[in-house]
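I opened the model today to look up a few points of packing, symmetry and confidence, and I am writing them down in the order in which I went through them.

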Amino acid sequence: MVTQSWNRRHIISLEDFQPAEYDTVLQTAVSFQEVLSRRTKKVPTLQGQVVANLFFESSTRTRSSFELAAKRLSADTLNFAASTSSLTKGETILDTAKTYLAMGTDMMVIRHREAGVPQAIADEMDRLQSRVGVLNAGDGLHEHPSQALLDLFTLCTTLDAEKPRLSLLAGKKIAIVGDILHSRVARSNIWSLTASGAEVHLAAPPTLLPKLFANYSIPRGMEGWEDGHSDRQLFLHWDLEPALRNADFVMTLRLQKERMTQHLLPSLREYHQRFGITSDRLKHCHPEVKVLHPGPVNRGVEISSELMDNPKFSLISQQVTSGVAVRMALLYLMGSGKT
Amino acid sequence: MVTQSWNRRHIISLEDFQPAEYDTVLQTAVSFQEVLSRRTKKVPTLQGQVVANLFFESSTRTRSSFELAAKRLSADTLNFAASTSSLTKGETILDTAKTYLAMGTDMMVIRHREAGVPQAIADEMDRLQSRVGVLNAGDGLHEHPSQALLDLFTLCTTLDAEKPRLSLLAGKKIAIVGDILHSRVARSNIWSLTASGAEVHLAAPPTLLPKLFANYSIPRGMEGWEDGHSDRQLFLHWDLEPALRNADFVMTLRLQKERMTQHLLPSLREYHQRFGITSDRLKHCHPEVKVLHPGPVNRGVEISSELMDNPKFSLISQQVTSGVAVRMALLYLMGSGKT
Amino acid sequence: MVTQSWNRRHIISLEDFQPAEYDTVLQTAVSFQEVLSRRTKKVPTLQGQVVANLFFESSTRTRSSFELAAKRLSADTLNFAASTSSLTKGETILDTAKTYLAMGTDMMVIRHREAGVPQAIADEMDRLQSRVGVLNAGDGLHEHPSQALLDLFTLCTTLDAEKPRLSLLAGKKIAIVGDILHSRVARSNIWSLTASGAEVHLAAPPTLLPKLFANYSIPRGMEGWEDGHSDRQLFLHWDLEPALRNADFVMTLRLQKERMTQHLLPSLREYHQRFGITSDRLKHCHPEVKVLHPGPVNRGVEISSELMDNPKFSLISQQVTSGVAVRMALLYLMGSGKT
């Protein structure tokens, strides 16, 4: 396997990812997808290495995906779940990470409800001159790079299954619909999709796409944007239809039910009426349009149940499948610099 | 290993199991029991395959037994526990199962508090034309086939350790004692034991063995049965003694303590006095009688503490040991059709 | 690997450990530490064997350390956490252990909030003539032998990295500071350190080092001791300074915050002022003094944050690293008698 253009020990954010890096991830993931099509879906790549899944925020889907990716690379895995941990005993997060370092962990996959925790742990690992790689599996409202990379892989393999590459998306119109304000998935996707040369259209109720967005400076210069504003390839819409018009892909985002109690939304029903994706609404899009969702889906809220199960439009299962191959690629690439 | 008479991808219920299928399970389990007697108790049979234990209802014993069976076949395992899952995030059970399918799971072992969930998942897997096998590890009050099969293996190997087969039980008298109304273990055992030609005697307080039993149509035609009724090989008793008389085996069932608060039982003490199994009560049975219990046991309730620890009568440890071999056999057989 | 002087199937307490046994553990751990420095940190020693981690009391650090040790010996592991277990269903602890025995577990690592549970399980395993080894991973206020052995390994390798041996500590002054009354770590360390010929100085507020200590008869004859009492190599202090004076090593103990609500301590702040270890206070010690802590640390309570991060003094990371090597050694030694 050729590992061109890869010099990262950590994967925390896509903000400074270079096109060649995206392409390296895509090509490496293609190789691992081939492994996953064999009867024995396992390679000895990380034999004897330890991947610690430190999930300070609970998750089944992402944790299982990383665990499976690690096991298929023959790594040993350690799982840490906040609820049963020493955290309740008052230890700091950095001390927990240093404990896993001292035990001999080679890579740490970290999810935390606070933005910045994976970066802080990565900095500490570097300061201690360890060779441990840190992968951000979702930090607060900041980023979720492995999700955006598996989304990218899903999009690109739809266009060219054997040679997915960033440039395939140049000029495509991609709508991201939903709670963009609170979505680390959206934030990471915006970096990768704008890097590809796609036109990215964000559609959300104004309460879920306000100026606050600029807090995370994605993208820079977006401060004060309102409905209809646009910059380079990024467009904001407070209504769904202009975002869907001729769209090649529609990426829906999970809606947290607590947004209602926070008075950001009137009701799930009204949300679905205005922003829910249905087969009927896809008529505004390109005839070959495909729909994505990072899961878990609230059926009948972000997306209609009927559309979700329609393989003609839905790429949701492919996203999950891509997730294992892309995470194998990321763990492989992070470990590739070590000899 | 010869795999005769096996065409099932899923193991959900024993209702339609054929004698040749029971014998295939018994013979395959004998082979794996031999593996378990070696120093290195492991075979490469399922190397590179993934067994997902989806336990929507918590369990240590059954989950550990399946996990160990999978590991001894060299499979990778993924554990899902409802408490830490996306279920709290509103995803449907079928969507959870489809996520594990999309990740590349080869077999799913499913426990759920609702009857019918494993069947629904199996149907969905088939509808999607996947090759995933689904094994019911206990669904509501419906069935728990792997428990009944390990019980069958335990009974048959007691009679012929090297060649256990269904026909060994023909004409034997087997008492099943306890909370039959709420027992999925009893329901699965009734299918296998009546298939063997044994006489099955059910003994329980009337509140734990009422007409409601017929809700699950096991066996058909049992509607309206009362004390003393019998049909073919199945007999009902509201007292313990007629069930124990000359019995070759006594299978006790776990009593859920919540039955008291539901006013189905006066007290644990009174239950033990009327239906608890003790060495003294075994005098009614065949001199070589053996006692079983699916565990975990409430000592001094279903069975006296002294009897439980008496290796002359108790097969409880053997049941646990058989469990690993039988579950290895089931996973092996489910996987054997795939090439 | 030479396994001299080893005849134990179980490791429950260090009370009757012989010098040759300590040295066997230290030398075996050196070999495994060498394994851990390789790229592929894994040996096939326990291939096909099963190590069950039965943690009736929750723990991340110790459980992960044992799990990693077992995996690096190529054993399969089963994890049991009290919260999701049959214990809530009324099964006794011995019955739980017997279930894991019947499943084919080779070694059990047990933590329980009650002193004596690991011994009771070991006795039951022997009574049943099983070959299962039991390792106490912390039982109530009694002992935590693997922690004391990893502490010993850390101390001795500081003095001679390649040939750690018990006699290196003869004549050294070692202070143990903190909540000695409630510390199973202290109890196990007192056995190993006094066996080495070191001078052991215990320093604690009187409420955390009272006559109650003698309840656990460590050491025998300590009943009625007060400030300034001493016996052979063991010295008690109600103030910190006499314990630190010229000390070669300072072992700090974790302070449970519930001690405050139990009225055993006025405040964390006052505790830190009187017994917290800081760089400044180390001036009383030997210039080469090193500080240990079993973790997790309450920064600014038992030890100052600045000192904890100072590699010149702190051995805390080395303790964690030693933990994996020492636990590999213990599992290896326990399994070495089996053929």
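Which residues in α5(B) meet which residues in α6(B)? Working in this predicted model, I listed the contacts and found Pro145(B), Gln147(B), Ala148(B), Leu149(B), Asp151(B) and Leu152(B) on the α5(B) side, and Val185(B), Ser188(B), Asn189(B) and Ser192(B) on the α6(B) side. Sorted by class, this contact is made up of 5 nonpolar, 4 polar and 1 charged residues.

I then looked up how the two helices lie. Helix α5 of chain B covers residues 145–159 and helix α6 of chain B covers residues 184–196, and I noted an angle of about 50° between them, with their axes 8 Å apart. For the hand of the crossing of α5(B) and α6(B), I wrote down right-handed.

Next I turned to the chains. Chain B can be laid on chain A by a turn of 120° and a shift of 0.0 Å along the axis, with an RMSD of 0.0 Å, and this is therefore the relation of a three-fold axis. I also checked chain A against chain C, where a turn of 120° with a shift of 0.0 Å along the axis again gives an RMSD of 0.0 Å.

How many residues of chain A are in contact with chain C? I noted 19 residues of chain A, which are in contact with 24 residues of chain C. On the side of chain A that touches chain C, the elements that give two or more residues are β2 (76–81) and α3 (93–103) of chain A, and the largest share, 5 residues, comes from α3(A). By class, the residues on this side of chain A divide into 5 nonpolar, 9 polar and 5 charged.

The mean pLDDT of chain A is 89, and 88% of its residues reach 70 or more. Over residues 212–224 of chain A, however, the pLDDT is below 50, although this stretch has 18 contacts in the model beyond near neighbours in sequence.

Methods: Residues numbered from 1 in each chain as written. Chains lettered and ligands numbered in written order. Predicted model: local features only at pLDDT ≥ 70, side-chain atom pairs only at ≥ 80, totals over all residues. Axes fitted to C-alpha atoms, helices over the stretch in contact; angles between N-to-C directions. Helix = DSSP H or I, 4+ residues; strand = E, 2+ residues; numbered from the N terminus. Left-handed = near helix turned anticlockwise from the far one by under 90°. Contact = placed C-beta atoms within 7 Å. Nonpolar A, V, L, I, M, F, W, Y, C, P; charged D, E, K, R; others polar. Least-squares fit on C-alpha atoms with pLDDT ≥ 70 in both. pLDDT = per-residue confidence, 0-100.
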